[in-house]
Amino acid sequence: MIQRLCVIGVGLIGGSIACGTRAAGEVGSVVGVDADAANLRAALDSGVIDCAYDNVAEGAADCDLVVIATPVGAIESVLKALRPVWSDSAVYTDVGSTKGNVIAAAERVFGAVPPNFVPGHPIAGAERSGVGAAKRDLYAGKRVILTPLPETRPAAVDAVETLWRCLGARVSHMAPGHHDEVLAATSHLPHVLAFALTAMLGRKDEQDEIFQYAAGGFRDFTRIASSDPAMWRDICLANSGEIVALLELFRAHLEIVESHIKHRSADELFALFTEARDARQRFLDQLEK
Ligand SMILES: NC(=O)C1=CN([C@@H]2O[C@H](COP(=O)(O)OP(=O)(O)OC[C@H]3O[C@@H](n4cnc5c(N)ncnc54)[C@H](O)[C@@H]3O)[C@@H](O)[C@H]2O)C=CC1
Ligand SMILES: O=C(O)C(=O)Cc1ccc(O)cc1
């Protein structure tokens, strides 16, 4: 049981942790900290949090578990603000979509990553933001990746695993670099492609009104281009090396498709689309495992 949980950044992800732990009966009180006064007010009014602070150090003091759920570009400043009240008896974690930069930020702020800080990332979410989008069951059946370091205290890892399990999530461990490589492929690259395609067509739409004739496939492909631009700017800057390497690979693949279409290579196109459909089926099959 968590006595006093502090959520820094009470948006979609932090707000869902707050209401999920309360629904599970696993928390005494929830302290919310947010830089956006209107969002903080909404979190308090809707009962997602019990008390609200705009100051990180004041909110986190005397809490036994502190979850940092701000965009990844803000995590270093949050760690700096936490440093004066950092308690050896509390456990700290984050939910950032990238892990290498969060660990590097902790090293810069503290000299070394504190043994009671457990970097984490729930592989669950949506294209919506803010506490209004929070859901108590957001993490049910979803995966969470923790990237503890050799110096991370086992009891701190246990406490963070217990938090996620009480929300119904399945917890795995990964090395931070490996996490950033894997997530660049399945999350960061698709978001960049959706943003790029939608922006390109958006310019064309001003001339041709093409969106009027878009079908379900366009809606499916571009849903994630409705995601928060500031959050995705931060992710792209934080994991730029992995993302740029994948964009280069993707560009080469796109050129192959282009060449098959240009040269009317029907068999090659059929083989490539079949390979893609089979790969997607493998993805769907493992979702059910
Ligand atoms: N949206 C998603 O589907 C997922 C997001 N994540 C990660 O979770 C984190 C939060 O994302 P969301 O909840 O979607 O964003 P959100 O925009 O819904 O919530 C973030 C909140 O942090 C607050 N904030 C920003 N800077 C702050 C600061 N310096 N101090 C205090 N509060 C601050 C904002 O006002 C906002 O209310 C990000 O690091 C993101 O990469 C992880 C998994 C999924
Ligand atoms: O909207 C979607 O489908 C997502 O993919 C949400 C998401 C966004 C960022 C993450 O780090 C993890 C999940």
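Tutor: Start with ligand 2. Its shell consists of S97, H121, G125, A126, E127, H191, R223, I224, M231 and W232. A residue counts as near when one of its heavy atoms lies within 4 Å. This is a predicted model, in which local features need pLDDT of at least 70, side-chain atom pairs count only at pLDDT 80 or more, and totals for chains, interfaces and linings use all residues. Residues are numbered from 1 along each chain as its sequence is written, chains are lettered from A and ligands numbered from 1 in the order written, and side-chain values use heavy atoms, with hydrogens and water left out.

By class, the shell of ligand 2 holds four nonpolar, four polar and two charged residues. Here Ala, Val, Leu, Ile, Met, Phe, Trp, Tyr, Cys and Pro count as nonpolar, Asp, Glu, Lys and Arg as charged, and the others, Gly among them, as polar.

Now the polar contacts, meaning pairs of N or O atoms within 3.5 Å. S97 places a polar side-chain atom 2.7 Å from an oxygen atom of ligand 2. For H121, a side-chain N or O atom is 2.6 Å from a ligand 2 oxygen atom. R223 also has a polar side-chain atom 2.6 Å from an oxygen atom of ligand 2. The protein covers 82% of the 340 Å² of accessible area that ligand 2 has on its own. Such areas come from the Shrake-Rupley method with a 1.4 Å probe.

S97 leads on to ligand 1. Of the 26 residues around ligand 1, I13, D34, T70, S97 and G130 come nearest. That shell divides into 14 nonpolar, ten polar and two charged residues. D34 has a polar side-chain atom 2.5 Å from an oxygen atom of ligand 1. In N39, a polar side-chain atom lies 3.1 Å from a ligand 1 oxygen atom. A35 uses its backbone: an N or O atom there is 3.2 Å from a nitrogen atom of ligand 1.

Which elements supply at least two residues each to the shell around ligand 1? Among them are α1 (12-23), β7 and α9 (229-238). Helices (H or I, at least four residues) and strands (E, at least two) are DSSP runs, numbered from the N terminus.

Strand β7 belongs to an open, mixed sheet of three strands, ordered β7-β8-β9. Strands pair if DSSP finds at least two bridges between them. β7 (120-123) and β9 (170-173) are the edge strands.

Key:
A polar contact is a pair of N or O atoms within 3.5 Å; within protein, one must be able to donate a hydrogen and the other to accept it, and residues adjacent in sequence count only if both atoms are side-chain atoms.
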